[in-house]
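Subject: Structure handover

Hello,

Please read them alongside the model.

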Amino acid sequence: MEPRTGGTTVHLTYTLVGGATNVIDYAGLRILVDPTFDAPKTYHHDGVELVRTTTPAIAASDIGAVDLVLITHDHHIDHLDAAGRAVALAVATVVTTTDGAGRLGGEVNGLAEFESMQVPLPGGGAMTITGLPAQHGPEPLCQVMGQVLGFLLEAPGAPTVYLTGDNYSLDVSKEVAARIAPVDVVVMYGGGACFDGVNDGEMITMPNDGMVEVARLVEAKRIVPCHTEGWRHFTEGADSMQAAFEAAGLGDRFLPVRPGETISVTV
């Protein structure tokens with residue numbers, strides 16, 4: 001995971017493993033997000049077929065020592081699968097939703113919306129993690145889809161990082177922006193997820209034009225994509241996401257990254 005550099009001062013590095021799974025090296029911590037490491041296969045969940053189409057670009061054994069795991073929601077297999085669960089539960093500090101913490105058990109930390117916790121940093125001080133609301137699909141479907149979080153990361157001398165999670169709602173984004181804007185880096189969960197027979201086949205995650213509006217709302221200086229490939233239910237890829245930001249005049253803020261790549265993010 002050697003980074004491509006994009007400036008003289010590296011504030012964090014971002015590695016896209018594939019799908020929603022990524023690694024953020026931040027303030028001296030290695031953070032694994034939404035771990036999924038199963039081989040390609042078909043899953044059946046509540047009458048819906050989820051098909052993983054690609055092998056993770058980085059094997060779990062090649063991630064290295066992980067200090068912290070963030071799980072935006074544990075109950076959807078494209079955010080936590082069997083292999084990912086084994087990796088996550090071997091890490092001392094795991095943070096997810098309150099519902100997810102109850103399901104995963106053990107010492108897993110559950111955050112409510114706008115609740116914060118601190119994680120000690122290797123060099124002293126602490127990183128603050130705040131759970132942020134995310135609405136997975138329109139009303140009333142989101143009630144069935146279950147509890148989902150985004151996360152805000154803050155640490156002394158480091159940029160603020162907002163992971164959107166699977167948020168569909170601009171109203172929720174406005175609520176988040178009122179609390180956290182401006183942010184330095186936003187990890188944007190895209191993909192335009194949709195399934196036959198669910199929501200009349202319409203998207204249940206934020207489409208590209210909505211993500212452009214989110215970036216504007218939170219006044220993001222840098223935009224990093226994830227959750228755009230590796231699964232059959234994704235209909236909008238990273239290229240179309242980048243094109244949307246370029247068309248909106250925000251192309252200079254968008255940092256393209258492919259599965260298996262590590263990029264340096266400077267602000």
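The lining of the second largest pocket divides into six nonpolar, four polar and three charged residues. In this classification Ala, Val, Leu, Ile, Met, Phe, Trp, Tyr, Cys and Pro are nonpolar, Asp, Glu, Lys and Arg are charged, and the others, Gly among them, are polar. Glu49, Cys194, Phe195, Asp196 and Arg232 lie nearest the centre of this pocket, out of 13 lining residues. Its volume is about 220 Å³.

This is a predicted model, in which local features need pLDDT of at least 70 and side-chain atom pairs count only at pLDDT 80 or more, while totals for chains, interfaces and linings use all residues. Residues are numbered from 1 along each chain as its sequence is written, and side-chain values use heavy atoms, with hydrogens and water left out.

Pockets and cavities were found on a 1 Å grid over the protein atoms alone: a cavity is a set of points where a 1.4 Å probe fits but cannot get out, a pocket is an open set with protein on both sides within 12 Å along at least five of seven lines, and lining residues have an atom within 4 Å of a point. Grid points are joined across faces, edges and corners, and a volume is the space filled by probe spheres set on the points.

The largest pocket holds about 280 Å³. It has 19 lining residues, and His45, Val48, His76, Met145 and Phe195 are the closest to its centre. By class, eight are nonpolar, eight polar and three charged.

There are two cavities of 30 Å³ or more.

A salt bridge here is a side-chain nitrogen of Lys or Arg within 4 Å of a carboxyl oxygen of Asp or Glu, and the structure holds six. Arg52 and Asp81 make another, at 3.8 Å from N to O, and both residues are buried. Buried means under 20% relative accessible area, exposed over 50%, and partly exposed in between (1.4 Å probe, protein chains only).

Asp184 and Lys221 pair at 3.4 Å, N to O. Asp184 counts as buried because its relative accessibility is 15%, whereas Lys221, at 42%, is partly exposed.

Regards
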